[in-house]
Amino acid sequence: MSSFGEILKEVGEFGLFQKILLVALCISSIFPAFDISSQVFIGMSFPHHCNSDWILEHGPNLTKEKQRNLTIPVDKDGRFEKCKMFTPVDLDLETIEEYGLNRTTGCISGWDFEVEPGVSNIVTEFNLVCDKSGLIEASQSIFMAGVLVGSLVFGVISDRFGRRFGTLLSVFILLLFGVSTAFSPNIYVYMALKFLSGTGVVIMNTFVMVGQIIFPGIAYLTTNWKILQLVLFSPLVIILVTMFCFLPESARWLMSQGREEEALKELQWAAKVNKRSVPGDLLDKINVEPSPNRKNMIDIFRISHLRNHTLIMAFNWFASTFLFYGLSLNIENFGLNIYLTQLIFGFIEIPANIVSLMLIQHFGRRICEAGFLFFGGVSCLVAIAVPKGFNSMCARVAGVLSPLVRLLEIYHYSAPMVVYGIIPMAASGFCLLLPETLNVEFQEVTLIK
């Protein structure tokens, strides 16, 4: 289909039709950003200690402070333990106050969280603290595993059933499971639904920042996580219906399937919106070279230069996504207001994208990509020197692993940042082995001998 680009020039390469389509797809791409960013707020931790209401049977008029002093031990720094309590005893209050309690046990009656009235998330709902605290990172990785599966499956679906069907299906999945997650009865159902929701995440990276900018305000005003889920994903009903009625099929895909009449109708519709006129024999100009053998991704590795470039790009995607999700899913530990930090994360991408585009146009893609990765890695390593209070498909694999890397904090608080720093720096070196593609016309066909 080597001359299809010439056909698009007659239809209008980037006219009103394409602009409307781009805006529609970008708006729908805000919601996957909600799904990703919500992980941070829905799993946000709060100060907590064991529930010790058993002592109220002996002293119903005890204040909260007195109750904690009598029933919760303190650690070596003089702070109340989060996961231990004094073993309940059948003694009168006077005896307990005079002699105190010595034997400790785990939290046998749940936890008390220091939160404002009406505040709720999966941590308070499912008691994801102490020995269950690792389930927060696990739920994030399971969600990203769903994104990984979706990125693999939706490529096949879009090739087999069309771009329109694939897009509508992804929006439907995000709507269905995004809303269903709000009704999770326990953490395990929640993780299963988040996995399924992740399969529908199809991201246009440029518009992720819009979702990141909008989301903190919504999360700040909606402190109950179940209501937040409904507020975030219910509007997808309107978007799904609108796209079902108006979203066109890809004319290029229709041509590849031999459906020329349908492709012509789509092109004529686009030309009409763009106020261009096209002849009825428009598609006769397309030179389609039939391929006797259908190839697959495995064949890429049979060509040496494609194999090398593919492996390097795979590692680069892994490194950049590993760094992005490693930081964005860890903003709770930055030591700043979590809503403000999330807002900054979104806004900073606006100048970053503009400057990146300008640098790429001037210096080329290879040098810039290597520089971006190296700068990102060095920044993480330099951040280790900042006090702890401030810094306390292959891409989708990185999204799966990056939340789990934070578990390395049990060995040393700087360990995750070291990992986040070294991997992008290594990837930047491999970037220099890639060919420059700025202002280079890509070939559409590669022959395998």
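This is a predicted model: local features need pLDDT of at least 70, side-chain atom pairs count only at pLDDT 80 or more; totals for chains, interfaces and linings use all residues.
**Helices and cores**

Biologist: How far does α2 reach from its first C-alpha to its last?

Modeller: Helix α2 covers residues 16–28, which is 13 residues. At 1.5 Å a residue, 18 Å is expected. The span in the model is close to that, at 19 Å.

Biologist: Is α3 roughly parallel or roughly antiparallel to α7?

Modeller: Helix α7 takes in residues 134–161, and its axis lies 10 Å from that of α3. The two pack at an angle of about 170 degrees. Angles over 145 degrees count as roughly antiparallel, so the relation of α3 to α7 is roughly antiparallel.

Biologist: Which residues of α7 make the contact with α3?

Modeller: On the α3 side, the contact is made by Asp35, Ile36 and Gln39. On the α7 side, it is made by Ser139, Gln140 and Phe143.

Biologist: Which residues touch the most other members of the largest nonpolar core?

Modeller: This core holds 63 residues. Its largest share, seven residues, comes from helix α3, residues 30–42. The members that touch the most others are Ile122, Tyr190 and Leu236.

Biologist: What does Ile122 touch, not counting residues up to four places away in sequence?

Modeller: Contact here means heavy atoms within 4.5 Å. With residues up to four places away left out, Ile122 touches Ile42, Gly43, Asn127, Leu128, Tyr190 and Trp225.

Biologist: Is Gln67 buried or exposed?

Modeller: Gln67 belongs to helix α4, residues 64–71. Beyond four places in sequence, Gln67 touches Ser52, Asp53, Ile55 and Leu56. The relative accessibility of Gln67 is 3%, and the cut-off is under 20%, so Gln67 counts as buried.

Biologist: What distance separates the C-alpha atoms of Ala319 and Gly377?

Modeller: Ala319 is part of helix α15, residues 304–328, and counts as buried because its relative accessibility is 0%. Along the chain, Ala319 and Gly377 are 58 residues apart.

Terms used
Residues are numbered from 1 along each chain as its sequence is written. Side-chain values use heavy atoms; hydrogens and water are left out. A nonpolar core is a set of buried Ala, Val, Leu, Ile, Met, Phe, Trp, Tyr and Cys residues joined through side-chain atoms within 4.5 Å. Buried means under 20% relative accessible area, exposed over 50%, partly exposed in between (1.4 Å probe, protein chains only). Helices (H or I, at least four residues) and strands (E, at least two) are DSSP runs, numbered from the N terminus. The expected span of a helix is 1.5 Å times one less than its number of residues. Axes are lines fitted to C-alpha atoms, for helices over the stretch in contact, and angles run from 0 to 180 degrees between N-to-C directions. Angles under 35 degrees count as roughly parallel, over 145 as roughly antiparallel, 65 to 115 as roughly perpendicular and the rest as oblique.
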